[in-house]
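Dear colleague,

I am passing on a structure that you have not worked with before, and below it I set out what was found. Please read the notes with the structure open beside them.

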Amino acid sequence: MVKISVKNLNIWFDSTQALKDVSLDIYANEILSIIGPANSGKTTFLRTLNRLNELERQFRMEGAVDYDGVDIHSLDTQILRKKTGMVFALPLPLPLSIFDNVAYGSRMHGIKDKKILLEIVEKALKEAYLWDEVKDRLSTSAFKLSGGQQQRLCIARTLAVGPEVILFDEPCSGLDPISTAKVEQAMILLKETYTIVLVTNNVKQAARVGTRTAFFLSGEMVEIDKTERIFTAPADDRTNDYIEGKFG
Amino acid sequence: MRNSQRSQKIAFSLLFSATLLIVVPVGLIIVLIIQKGIPAIDWQFLTDIPRKGMREGGIFPAIVGTLYLVAGAIVFSLPIGLLAAIYLSEYAKDNALNRIIKLAIVNLAGVPSVVYGLFGLAMFVVFFKFGASILSGSLTLGIMILPIIITASREALESVPYSFREVSLSLGASKWQTIRHIVLPNAIPGILTGTILGIGRAAGETAPILFTVAAFYLPKLPKSIFDQAMALPYHLYVISTQVPNVDEKIRYGTALVLLVLVLFMNLIAIVIRYQFRKRKKW
């Protein structure tokens, strides 16, 4: 089932074109990994899906992005962003307590009942594999957590809103290998319930967790296929060169 | 190597002496005012009305007047200034008109205070017919400190990391929710710094209150905001230049009270700011 369908997407920031005629479908309950070198347009693509690019001045786009068959521009941005959660490259806890971080989205959507909030927070923290580490200190500042814990907190915060799609923007770029493994483990289990789009600089990470993998280069999508296929028999030589580390 | 060490020493002594040059006069002023003013300070001086052509008695009406004026100026300018700052930093598009508006506000902070005084006279005293009153004086002082509050608030709002806003928006919060729950709480220390500067300026200026509120000699307390009032800076000016044979210690005593009053009001703001800074952790 197609969850998000992108057709002929072109994006410019001022006069620089960031994405060139990208078309791809994202299926429900898959992990789509997007790999590619810096400045290949991966993050721009991701930020198109929750319309975060539109905050930038000089942003211009052509083409269509459909979410469950509906053009995202005819959806209310708040509803769209509620459905498509995002985890950023660096752990970005808000300057609030652990509890308030996770409860933030729900509160903004009007949930005030303390008991319901507590349930939501507990469920989200468990899904992000953080509950056991923080359950005794929910009221301490989120900045007291380690980098890896902070990133899992950010995942929990995203889950607490009840999204259908989660956009990961290089979620492990600032983490050590052990923390990375924990985040990846969380992602694989989240796939059962959510649709995941993962932008990553780490080719091996895409190989480990991706259902399908897309390769972006200089704003173009070179190819997209099942992850095994991309890593064993890519159709395009450039994909092969990138995966083998000949450039990057 | 030797050369760089020498220039290092020269740079250090230049920077150090520049700092000293600033600190020493300030220290001297404070020491002088305390030394000459302390003998005048007693309970009667602080709580009595001026007597015998202001040569004896106390300065209570002037203290009360200054407190009223500063409070009035802040009550008027803090909400308006903050709202304007939020609009300018969060909502206004980056176009030529808005850039001119921002530049104009920054420059308004440099307008001489006597110009604000004349404006207040024409606008509040005459046009709105508030007369010479606490209301006119507070509004004039409020307008004078608006640019300070707007500029400081804008800087405080803009210094909240952009990523916090993105996170909040990405969770489906609206723009106003993001401002209300994320941006504003983290900007409060900076906004209070602007308020402190505003308080100091409003308490100390003579020219803006000269035509709009200040009474030369009014040995009773104001009963409403439409009354005239005495104020410390104007009182100081009067007893220093307009009334002959005022004892030196009364003049310095008045200056000392003004200094302590401003310090005290700043202290309140500093304590609040400290409470908020403790929470800020990034």
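A cavity is, on a 1 Å grid over the protein atoms alone, a set of points where a 1.4 Å probe fits but cannot get out, whereas a pocket is an open set with protein on both sides within 12 Å along at least five of seven lines, and lining residues have an atom within 4 Å of a point. Grid points are joined across faces, edges and corners, and a volume is the space filled by probe spheres set on the points.

This is a predicted model, in which local features need pLDDT of at least 70 and side-chain atom pairs count only at pLDDT 80 or more, while totals for chains, interfaces and linings use all residues. Residues are numbered from 1 along each chain as its sequence is written, chains are lettered from A and ligands numbered from 1 in the order in which they are written, and side-chain values use heavy atoms, with hydrogens and water left out.

On those terms, the structure holds one cavity of 30 Å³ or more, and the volume of the largest cavity is about 30 Å³. Among the residues that line this cavity are B:Phe45, B:Met54, B:His235 and B:Ile250. Its lining is made up of five nonpolar residues, three polar and one charged (Ala, Val, Leu, Ile, Met, Phe, Trp, Tyr, Cys and Pro count as nonpolar, Asp, Glu, Lys and Arg as charged, and the others, Gly among them, as polar).

The largest pocket holds about 780 Å³ of space. It is lined by 28 residues, of which A:Leu55, A:Arg57, B:Glu90, B:Tyr162 and B:Lys175 are the closest to its centre. Here 11 lining residues are nonpolar, five are polar and 12 are charged. Helix 2 (77-83) of chain A and, from chain B, helix 3 (60-91), helix 7 (162-170) and helix 8 (175-204) each supply at least two residues of this lining; helices (H or I, at least four residues) and strands (E, at least two) are DSSP runs, numbered from the N terminus.

Turning to chain A, four strands form an open antiparallel sheet in the order 2-1-4-5, where two strands pair if DSSP finds at least two bridges between them. Strand 2 (16-27) and strand 5 (70-71) of chain A are at the edges with a single partner strand each, so one side of each has no neighbour in the sheet. Strand 1 of chain A is joined by eight bridges to strand 2 of chain A and by eight bridges to strand 4 of chain A. A:Ile4 has A:Ile26 as its bridge partner in strand 2 of chain A and stands opposite A:Tyr67 in strand 4 of chain A, while A:Tyr67 stands opposite A:Val70 in strand 5 of chain A. Strands 1 and 2 of chain A form a hairpin with two residues between them, and A:Asp14 in the turn has a positive phi of about 60 degrees.

Chain B has 11 helices and two strands, and its C-alpha trace spans about 70 × 65 × 35 Å along its principal axes.

Finally, the contact between the chains (heavy atoms within 4.5 Å) takes 26 residues from chain A and 21 residues from chain B. The area buried between chain A and chain B is about 2,000 Å², and carbon and sulfur atoms give 64% of it; buried area is the accessible area (1.4 Å probe) that two parts lose on being put together, summed over both. Of the area that chain A buries against chain B, A:Pro95, A:Tyr104 and A:Met108 supply 28%, more than any other three residues.

With best wishes
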